[in-house]
Structure formats: structure tokens, C-alpha cells
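Please have the picture open while I talk.

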Amino acid sequence: MNNSLAYRHNGLSCSRWRNAPKKMASIFHREDTNEIYGVLDTTMKLRYHEDKIRPMLDGAADTIAPITIHFAPTLRCPQRCFFCTYGGAKKDPTQLDMKLLEAQHYISRLSELGSEGIIFTGGGDPCMHKELGEMVETCKQQGLAFALQTNGDGLTPQLAERILRCDPVYVRISINAGNGQQQRLMTGVDNYEKVLGNLESLLRKKHDLKSNTEIAVATVVDIVNYTGLINLADRLLEMEDRITADYKTKTQINWTIRPVYNYPASKVYNEYQLKSIICNLNTRSIDEAKAFNEFMYNGQQTPQYILDKAVHTIEYGIKPLIKERNSEIRVCYPLQKFKTLGTIKEKPYTQCRAPYFYGFVWPDGVLYPCVENAGNSNFAICNLKNTDVKDILQLRKGIIEKINNECLSKCSPICAYHEINMHLNNLANAAETYCPADKNNLVRRDVAFI
Ligand code: SF4
Ligand code: SF4
């Protein structure tokens, strides 16, 4: 679950990137060609924040207030996805819901700190918190941009309307299956039709309210569900057709498809669910059943051949289907991650700089530096409940030093901030060769490069 806020996409054009001068392209060239990243491209979004990039190049990164904060109001979730990033944390019954007054206090502290956007996310599913509506209204009152990432199970039409009325940047529903049976294997419950129904209501509400909010679907691909991608595409296309017929106008869905990552603290071990998955995979392929076992018990990533099959399905199945149906669904997928996740052994950068720009607030109010380490007390920056705003950045400095001096090699080779860290490292390395006056030009040209 990962995106930068505090901007709108107006004017964001990949053709500007492709038409950029050759010299800049060589500094910022990335193998993962931009047009397939689309809205996944957080590095492009970061370039809107020249004021934040500049201090990093001047050696004053510790003064940068994080732009976007992931905010987990609860650890409760109706699903039990076997790959859940916070699977381990869900065992702790003492850390469940944020209290509303505390959540409002944290949002105010973050606004005071200089953060610009809040992403309500998991932890668990934010829609399980009965006061989510009040929390998003607090963001609106405070002038903070916000977004919602949910599994869609609890996003009733009433809640969807309340949230859309507060003008979120985006609402993103995770759907990781092609049918109800696969949904049960992936999540432990068969709420497939309910989730698709809630997505359709959300899209209809967006039309009813003439809302500018971007509606997105997020899918993570793994051994179990890569075979369901085409079915899911069919269901989204059918939904689009119904809405287009009723509203006489096209509806737009951004569909992001990423490989699932295997982190040490992720995963939910539900015996019954795991046995069902193994039985199911055994009927498909013994190798896939073995690979699933390796994923769950030996920390292996999804095998490369499965990620390659997923890319093949996207490129030769889903994209032609969308074109043929004259659909407005936009598919975005990080090709470089798909191509390397199964084999990469080391991070292609030497410094983790993403936590200068992001943060993660856990339901107990503790601020963490990133998505993967949220909930891990070794990486706790401070508790927003009782920390003076003026001390937060200094406390964060200590944790970032610890990450870079002691922990970076232990982090998974590809994490949620992979592209951001690659970009920031490229930028910092390029800046080292520039004289001080030219550093300003480097930032300006990077911003102009969007
Ligand atoms: S991945 Fe999301 S939907 Fe699945 S169990 Fe975790 S928090 Fe719930
Ligand atoms: S490199 Fe490690 S500390 Fe940095 S963002 Fe990724 S997981 Fe977090």
C-alpha cells in the first residue's frame, strides 16, 4: 500500500518525460520505462516537491517534514490474506483501534509538522473503524489531502458517500482474485461479490456526486492468484459497461498490478486456509505447491517464472482486451519489479532516504519510518501522543542513521519505496558532482522534467 499525496495529477504527462533533453535522461534514466508506471510512479510525484528535494541535496535532509503519512486507524480486518504485510502484528490484541480523539490529535500534530497528505490504510482495514468518517472529515477541516486504501469489504455505499464528500485524492480497493473460490484462498473469506458490489457503488457515487476523486483497484500477484487476472479484468470491464450504459459517460478506473513481496514479519498462518491452498495448487502444479511452501516457510519470493507469466497475461491478455473493448481502464504495473523480484539479492542503492519524505502512524500513535517496518518497535521514531512536534525530526534522524548504519542490508532487496530510494540516490550522487549553484539547477531541471 504506497502513494504520494498533496498534488493532483493535472498536467502530469509521461510524454514530457520521454521528450526530456538527453542529458537529463542520462542522469535520471531508469530501466523501468515510465509509461507503464503511470500512477504508480511515486518518483514523478516527488518532483512536485522541489522545496523538499533541495534540502536533501544541501545536506539538510533532517529538516524535511514527511510529505505523506500512512495512517492505520485499526489492525482489525475481516480478511486474513496469507501474505499480509502486518500478518504478524495482528496477533497482538492490545493494539487494535485508535481512539477518535487521539486520531484527531495525531492528524493535527502531523499538519503542524508540515505533512501534506494522509493515506488511511492498514494495519488492518480502515473501513473497520467506526469513526473513519470523522477522521477523514478532520483531514478536510485541517486542509490536509487524504486518500483511502481498503479491501472494500466495509466500504458500504453510505460510507463511500461520506468519504467522497470530503474530496479524497483517491480511493483504492484491493482485489486479489478472479473469483470467489480464489478470494477465499487468498483472504480466508469469500466476500468477492460483496467487494465488487461495493466498488460498483463507489463508482456510481462518484458519478452521482460529480466527484474528482480517482478510483483505483490494486492487485498484488502471487503463486495463488496469477491465474485469476483475466477473470478480474472481465469483471471490471462488465462493471464499466453497466456504468457507462446508465450514466452515458465513461468511468475511469486505475488498475495497479504489482508482485506481492515477502517480508519477514508478513504472512498469516491459518492452518485450514494454508491446507486449502496447497491442495488447490497440487491440482494445478506440484512445483507451484512447493513454491508456495517456500514463500510461507522459507522467506522465498514468488518464483520468477510466475512473475513472468503474470506480465505475459497483462501484456498479451489484459491490455489487448481493454483496447478491444474501448475501455477507459488504465493498467499500471512496475515492470522492473516484476522482472527482478524473483532473483534480486541486493539493493541497488546504498542509502535509504525515503523516510525523509514518508512516515507511518500505527494505531497506538507510534510514528515509524516506512511501510515495512511499521509496528516493529526497533524502528519506532516516537509516539505522537506525547511527543513535542519540534522534537519529531530530531528523533527521526536517529532512526534513519540506525537504518543506514546497521539495518539496510537486512531489509528486503525490494521494498515499497524501491523506486523512490533509487531515484533519491541517483539524485544525491549526481548532486555531489555539481557546484553549489548548479545544485539549484539540478533540482529545477528535475522538477521541469515531469
Ligand atoms: S493484506 Fe490488507 S486486507 Fe489482507 S489481511 Fe492484511 S490488512 Fe487485511
Ligand atoms: S530500505 Fe528498509 S528502512 Fe528503507 S524504506 Fe525500505 S524497508 Fe524501509
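Let me begin with what pairing means, since two strands pair if DSSP finds at least two bridges between them, and the strands themselves are DSSP runs of E of at least two residues, while helices are runs of H or I of at least four, both numbered from the N terminus. With that in hand, 10 strands form an open sheet in the order 7-6-5-4-3-2-1-8-9-10, and the pairing is mixed. The edge strands are strand 7 (330-332) and strand 10 (382-383), each of which pairs on one side only. Strand 6 (residues 253-259) and strand 7 run parallel and are joined by three bridges, and Asn-254 stands opposite Arg-330 in strand 7.

A word on where this comes from: it is a predicted model, in which local features need pLDDT of at least 70 and side-chain atom pairs count only at pLDDT 80 or more, whereas totals for chains, interfaces and linings use all residues. Residues are numbered from 1 along each chain as its sequence is written, and chains are lettered from A and ligands numbered from 1 in the order in which they are written.

Now to helix 8 (residues 157-164), where Leu-159, Ala-160, Ile-163 and Leu-164 are buried. Seen down the axis of helix 8, these buried residues fall within an arc of 130°, so they line one face of the helix; the arc is that of the directions from the helix axis to the C-beta atoms. Their cover includes helix 7 (132-142), strand 3 (145-150), strand 4 (170-174) and helix 10 (192-208), where contact requires C-beta atoms, placed from the backbone, within 7 Å.

Helix 9 (residues 180-187) has Gln-182, Gln-183, Leu-185, Met-186 and Thr-187 buried, and what covers them includes helix 10 and helix 12 (271-284). Just after helix 9, Gly-188 takes a positive phi of about 90°.

Finally, which residues surround ligand 2? Among them are Cys-352, Cys-370, Cys-411 and Cys-415, together with Glu-372 and Asn-373, where being near requires a C-beta atom, placed from the backbone, within 6 Å.

Notes
Buried ≥ 20, exposed ≤ 12 C-beta atoms within 10 Å, placed from the backbone. Contact = placed C-beta atoms within 7 Å.
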